[in-house]
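Please open the structure in your viewer and keep the selection tool at hand.

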Amino acid sequence: MQGPATLEQLIEALRCLPGVGPKSAQRMAYHLLQRDRAGARHLALSLDRALEHIRHCLKCNNFSESEICHLCASGKRNPQQLCVVEMPTDLMLLEQTQAYSGMYFVLMGRLSPLDGIGPRDIHLDRLLARAQDGEVQEVILATNYTVEGEATAHYVGELLKARNIKVSRIARGLPMGGEIEHVDIGTLAQALIERRTLN
Amino acid sequence: MSSGFARQDNQQVYVLHTYPFKETSLVVELFSRQFGRIAAVAKGARRPRAAMRGMLQAFQPLAASWSGKSELRLLHGVEWRGGMHLLHGQALICGFYLNELILRLLPREDPHEVLFEHYEAALVQLANARQLEQILRRFEKRLLQELGYALPLEHEADSALPVEANREYDYVPERGPVPRGEAQSGVQLRGKTLLDMARDDYSDALTLQQSKLLMRALISHYLGNRPLHTRQLLIDLQQL
């Protein structure tokens with residue numbers, strides 16, 4: 001059955017969301033139009049406003065309303081450390097640790113050779129410029145410990161080392177309170193292979 | 001025929017690639033010892049505490065269980081088989097290259113046990129991260145062999161005369177080495193390169209260089225005109 005053209009358009013538009021197929025999109029459209037018109041209005045306005053005001057921070061590449069984001073502009077952070085993460089959610093978690101007071105750079109992705117996602121897609125050129133601002137002394141690579149995250153860390157690392165910038169990688173191994181008996185074999189194997197000397 | 005229609009348990013596999021499927025699932029491209037390349041859905045594998053999350057990583061020796069009749073199987077579980085190939089840096093990118101070659105050249109549901117063993121051996125060598133190019137050349141040659149495109153290396157294409165080390169040849173895809181001057185196109189190389197490749201001996205720098213050009217031409221020939229992502233990545237990274 002063919003509905004009104006604007007309804008079809010709305011359904012089609014909702015399908016741009018990840019994981020939303022034709023069925024889900026239809027359900028969402030009906031819900032918004034029939035049960036929650038106020039919510040729909042609010043959603044439309046929020047989307048509009050976000051699109052207009054949100055951009056990438058010039059320094060850390062995270063989403064920001066101003067040219068330089070709140071965190072980068074705060075002046076209370078240590079400008080000598082720069083932590084590279086894949087996604088804004090990673091940055092939020094690292095902030096929750098309260099164990100780090102330096103600056104960040106958000107790649108907004110990772111190198112994924114088999115998907116054709118290359119250095120251009122993750123703003124490596126901007127990261128290079130950022131890391132060479134004269135203040136950064138150490139770049140901490142906090143990309144995921146997946147094969148893609150590792151590939152990303154390797155290349156960012158190589159690029160920076162070639163420019164005489166100190167690079168470190170976040171450690172991995174047993175989790176907090178980890179008991180060897182209950183830890184997965186992969187993590188355990190890595191912890192053994194990458195063991196460290198006590199001094 | 002040992003088709004994979006019934007439930008299969010404890011199958012030796014490597015993950016070649018994964019991509020998101022629906023809200024919380026993954027489609028996993030597997031290379032299995034017994035059934036060749038298969039695809040399976042790992043349901044809920046993208047949920048934060050899913051048992052399979054973190055396990056479905058490329059290059060690790062896994063044992064997998066799946067079932068299903070369709071081209072897309074249902075993955076029930078994976079376990080570590082023990083042993084671990086930790087690929088670092090450039091070796092890791094080489095690993096991606098091997099995976100892309102298999103994904104692009106090996107049809108699904110086609111058992112290739114010998115190739116599986118070559119793949120596993122190549123991963124072990126990559127984990128040791130020495131002489132990466134030689135590892136790739138050996139694997140490329142065996143991959144083509146297993147796919148039925150064995151390379152004539154020791155004899156000339158048409159006359160079947162033995163290749164001579166000191167002579168110059170043009171290597172024509174699907175034909176083989178032709179003495180210089182007799183072919184319109186082909187990859188230019190010397191006889192010694194071909195004989196070295198036949199013996200898997202890449203100690204000579206010129207052999208290494210010429211065999212690289214030859215394999216690149218042959219693989220492009222069999223891939224058609226869609227280039228390899230991993231090769232583009234290496235080029236892009238060198239330009240930064």
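**Before starting**

This is a predicted model, in which local features need pLDDT of at least 70 and side-chain atom pairs count only at pLDDT 80 or more, while totals for chains, interfaces and linings use all residues. Residues are numbered from 1 along each chain as its sequence is written, chains are lettered from A and ligands numbered from 1 in the order in which they are written, and side-chain values use heavy atoms, with hydrogens and water left out.

**Stop 1: chain A against chain B**

Select chain A and chain B in two colours. Here 29 residues of chain A are in contact with 26 residues of chain B, where contact means heavy atoms within 4.5 Å. The two chains bury about 2300 Å² between them, and carbon and sulfur atoms give 72% of that area. Buried area is the accessible area (1.4 Å probe) that two parts lose on being put together, summed over both.

Between chain A and chain B there are 0 salt bridges; a salt bridge is a side-chain nitrogen of Lys or Arg within 4 Å of a carboxyl oxygen of Asp or Glu. The polar contacts between these chains amount to 4 residue pairs, both residues being at pLDDT 80 or more. A polar contact is a pair of N or O atoms within 3.5 Å; within protein, one must be able to donate a hydrogen and the other to accept it, and residues adjacent in sequence count only if both atoms are side-chain atoms.

Next, select helix H7 (147-161) and helix H8 (185-193) of chain A, the elements that give two or more residues to the side of chain A that touches chain B. H7(A) provides the largest share of that side, 7 residues. Helices (H or I, at least four residues) and strands (E, at least two) are DSSP runs, numbered from the N terminus. By class, the side of chain A that touches chain B has 14 nonpolar, 7 polar and 8 charged residues. In this scheme Ala, Val, Leu, Ile, Met, Phe, Trp, Tyr, Cys and Pro count as nonpolar, Asp, Glu, Lys and Arg as charged, and the others, Gly among them, as polar.

**Stop 2: a pair within helix H7 of chain A**

Select Lys161(A) and Glu158(A). Their side chains meet in a salt bridge (3.5 Å, N to O). Both residues lie in helix H7 of chain A, 3 residues apart, about one turn of the helix. Glu158(A) counts as partly exposed, at 36% relative accessibility. Buried means under 20% relative accessible area, exposed over 50%, and partly exposed in between (1.4 Å probe, protein chains only).

**Stop 3: the two domains of chain B**

Colour domain 1 (8-80) and domain 2 (89-238) of chain B separately; these bounds come from an automatic or database domain assignment. Their centres, taken over C-alpha atoms, are separated by 29 Å. Domain 1 of chain B brings 21 residues to the contact and domain 2 of chain B brings 20 residues.

The two domains of chain B bury about 1900 Å² between them, 60% of it on carbon and sulfur atoms. Select Arg33(B), Arg37(B) and Phe59(B): they supply 42% of the area that domain 1 of chain B buries against domain 2 of chain B, more than any other three residues. Across this domain interface there are 6 salt bridges.

**Stop 4: charged side chains of chain B**

Side chains of opposite charge can pair when their charged atoms come close. Which residue meets Arg73(B) in a salt bridge? The partner is Glu109(B), at 2.5 Å, N to O. Arg73(B) is found in strand E5 (residues 72-80) of chain B and is buried, at 2% relative accessibility.

Now select Glu29(B), which is buried at 6% relative accessibility. Arg37(B) forms a salt bridge with Glu29(B), the closest N and O atoms being 2.8 Å apart, and Arg37(B) is buried at 8%. Arg108(B) also forms a salt bridge with Glu29(B), at 2.5 Å between the closest N and O atoms. Arg108(B) lies in the loop between helix H1 (89-105) and helix H2 (113-128) of chain B and Glu29(B) in strand E2 of chain B, so this pair ties together parts that are 79 residues apart in sequence. Arg108(B) is partly exposed, with a relative accessible area of 25%.

**Stop 5: a network**

Finally, select Arg190(B), Lys192(B), Asp196(B), Arg199(B), Asp201(B) and Asp204(B), which are linked in a network of salt bridges. Over all chains, the whole structure has 29 salt bridges.
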